[in-house]
Amino acid sequence: MDLKDFVSQTLKQINDGLQEGHQHVKTSGGEGVHNGYFNVAFDVALTTNNEESSDVGGKITVASIFQAGGKKEKTTESTNYSRIQFSVSVHVKTGK
């Protein structure tokens, strides 16, 4: 999932959850969720994988793959990890 899609879906689900929770609390006799700004903090780990295959060569070998024809390939794989932290202020407006 792209970071953009993850952030979008997370904020949509938080909003939908707050709206549903607000209605439930009001029906149960409570005041509901208060309107206002809320901080949503994200701490996301991102991974990227790069894999290259070639005929026999001088690359670092992670795995050797044998195919039916007897051709040998060497596979080089690298994984990069990144971490990003950010927060956004979200204005929540619940129904009356």
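I'll start with T94, which lies in the segment after strand 3 (72-92). Strands here are DSSP runs of E, at least two residues, and helices are runs of H or I, at least four, numbered from the N terminus. This is a predicted model, where local features need pLDDT of at least 70, side-chain atom pairs need 80 or more, and totals for chains, interfaces and linings use all residues. Residues are numbered from 1 along each chain as its sequence is written, and side-chain values use heavy atoms, without hydrogens and water.

T94 is buried, at 7% relative accessible area; buried means under 20%, exposed over 50%, and partly exposed in between, with a 1.4 Å probe and protein chains only. The T94 side chain reaches the backbone oxygen of V33 at 3.2 Å. Leaving out residues up to four places away in sequence, T94 touches Q19, H22, V33 and N35, where contact means heavy atoms within 4.5 Å.

Next, the aromatics. The whole structure holds two aromatic pairs; rings of Phe, Tyr and Trp (its six-membered ring) pair if their centres lie within 6.5 Å, with planes under 30 degrees apart stacked, over 60 edge-to-face, and the rest tilted. F6 and F42 are edge-to-face, 6.2 Å centre to centre with 75° between the planes. That pair links helix 1, which holds F6, to strand 1, which holds F42, 36 residues apart. F42 is buried at 6%, while F6 is partly exposed at 33%.

How do F42 and F86 pair? Their centres are 4.9 Å apart and their planes at 15°, so they are stacked. F86 sits in strand 3, 44 residues from F42. Together, ring pairs link F6, F42 and F86 into a cluster.

Definitions and conventions: Polar contact = N/O pair within 3.5 Å; in protein donor to acceptor, adjacent residues only side chain to side chain.
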